[in-house]
Amino acid sequence: MPTVPPVESRRPGQDIHRLRQAAESFGIDAARYDRTRPPYPDALVQRIVDGSPGPGLLDVGCGTGIAARQFQTAGCTVLGVEPDARMAEFARRTGVAVEVATIEAWDPAGRMFDAVVAGTAWHWVDPVAGAAKAAQVLRPGGLLAPFWHVFQLPPEVAEAFAAVYKRVAPDSPFGFSRPVRSALDGYEVLLAKAADGIRDAGGFRRPERWQFEWEKTYTRDEWLDQLPTTGALTQLAQDKLAEVLTGTGAAIDTMGGSFTMPYTTVAVTAVRADGP
Ligand SMILES: C[S@@+](CC[C@H](N)C(=O)[O-])C[C@H]1O[C@@H](n2cnc3c(N)ncnc32)[C@H](O)[C@@H]1O
């Protein structure tokens, strides 16, 4: 069964975070992104808040502020760091403070935080440099918690999407047809890279993995509204994107026009080592 986006570079040895055009392409339609991407499970947000020594939180790659607003609602004071000025501007309009930079290049100017999070963004970050920056800005006992939505498309829809994508974008660095047992298996490389990066950066206790299972039912139109926000599609020409949407939509039609998607939101967490 094809894996789902974002997975990994199709070119052996190429790290996905080096694909900078794709990494900073989400602002092409920030409003669509914010409207269609699902929020994160409340249980994850609360566990991060409970596991942090205070309310000061840095949201790496905050995008339009989807996670940032959830953490604000949970009582945190949030600063976002976001390299795409279009995403940053959207987040600011919703009440999130944002500085425009990659996390690797961002200057914390001596500021310290109780938690560093990243919602579906850490795979665009150099895993060692990102973790080292997190270690630099975390207070003792502070929590680093990058997390991702992992979703399992129905096989019919995944196959149809992968077939059209391969046809319209044969040279794309993204691949979706690697056989795996489950969507989470398809994320193993990405999750292991995050944990390895934390270990290699130093300054953290042993990384842990947290998982939260949930599901969401999509109509055809709802999924086709969200699909263009995928990193592999944001730079596709309009006619090619239309082909992807038509092919994917036809597969959803054969399923009766809607489907229920199992989601696992998975976090790789680590506590700043010199804490209590
Ligand atoms: C898939 S979006 C996730 C946005 C948001 N966190 C969410 O959960 O909806 C990934 C975000 O990471 C940002 N990004 C890419 N490379 C980054 C880097 N090196 N440092 C910080 N953010 C980065 C992108 O601009 C984009 O807004």
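1. T264 has its place in strand β7, which runs over residues 258-271; helices (H or I, at least four residues) and strands (E, at least two) are DSSP runs, numbered from the N terminus. T264 is buried, its relative accessible area being 11%, where buried means under 20% relative accessible area, exposed over 50% and partly exposed in between (1.4 Å probe, protein chains only). The side chains of T264 and E213 are joined by a polar contact of 2.8 Å. A polar contact is a pair of N or O atoms within 3.5 Å; within protein, one must be able to donate a hydrogen and the other to accept it, and residues adjacent in sequence count only if both atoms are side-chain atoms. Not counting residues up to four places away in sequence, T264 touches W148, H149, V150, L184, Q211, F212 and E213, contact being taken as heavy atoms within 4.5 Å.

2. On the basis of the note: this is a predicted model, in which local features need pLDDT of at least 70 and side-chain atom pairs count only at pLDDT 80 or more, whereas totals for chains, interfaces and linings use all residues. Residues are numbered from 1 along each chain as its sequence is written, and side-chain values use heavy atoms, with hydrogens and water left out.

3. W148, one of the residues that T264 touches, is found in strand β5 (residues 138-151). W148 counts as buried because its relative accessibility is 1%. Which residues does W148 contact, leaving aside its neighbours within four places in sequence? They are T120, A121, W122, H123, Y187, L190, L191, A194, T264, T265, V266 and V268. With H123, W148 also forms a polar contact between side chains, at 2.9 Å. By C-alpha positions, W148 and G256 are 29 Å apart in space and 108 residues apart in sequence.

4. Two backbone angles deserve a look. Most residues other than glycine have a negative phi. T120, which is among the contacts of W148, has a positive phi near 50° although it is a residue other than glycine; T120 lies in the loop between β4 and α6 (127-137) and, at 10% relative accessibility, counts as buried. A109, likewise not a glycine, has a positive phi of about 50°. A109 is found in the loop between β3 (97-99) and β4 (113-119), and at 58% relative accessibility A109 counts as exposed.

5. The ligand sits in the largest cavity. A cavity is defined on a 1 Å grid over the protein atoms alone, as a set of points where a 1.4 Å probe fits but cannot get out, and a molecule sits in a cavity if more than half of its atoms lie within 2 Å of its grid points. There are 22 residues around the ligand, of which Y40, G61, E82, E104 and G119 come nearest; a residue is near a molecule if one of its heavy atoms lies within 4 Å of it.

6. An N or O atom in the side chain of Y33 is 3.1 Å from an oxygen atom of the ligand. The protein covers 99% of the 590 Å² of accessible area that the ligand has on its own, with areas from the Shrake-Rupley method and a 1.4 Å probe.

7. D34 lies in helix α2 (residues 30-36) and is buried, with a relative accessible area of 17%. Beyond its neighbours within four places in sequence, D34 is in contact with T64, I66, R69 and F90. R69 is also touched by V96, whose other contacts outside four places in sequence are G65, A68, Q72 and A91. V96 lies in the loop between α5 (85-93) and β3 and is buried, at 3% relative accessible area.

8. G231 lies in the loop between α10 (220-226) and α11 (238-254), and at 7% relative accessibility G231 counts as buried. Although G231 and A23 are 208 residues apart along the chain, their C-alpha atoms are separated by 7.1 Å. Neighbours within four places in sequence aside, G231 is in contact with A22, S25, F26 and F174.

Key
On a 1 Å grid over the protein atoms alone, a cavity is a set of points where a 1.4 Å probe fits but cannot get out, and a pocket is an open set with protein on both sides within 12 Å along at least five of seven lines; lining residues have an atom within 4 Å of a point.
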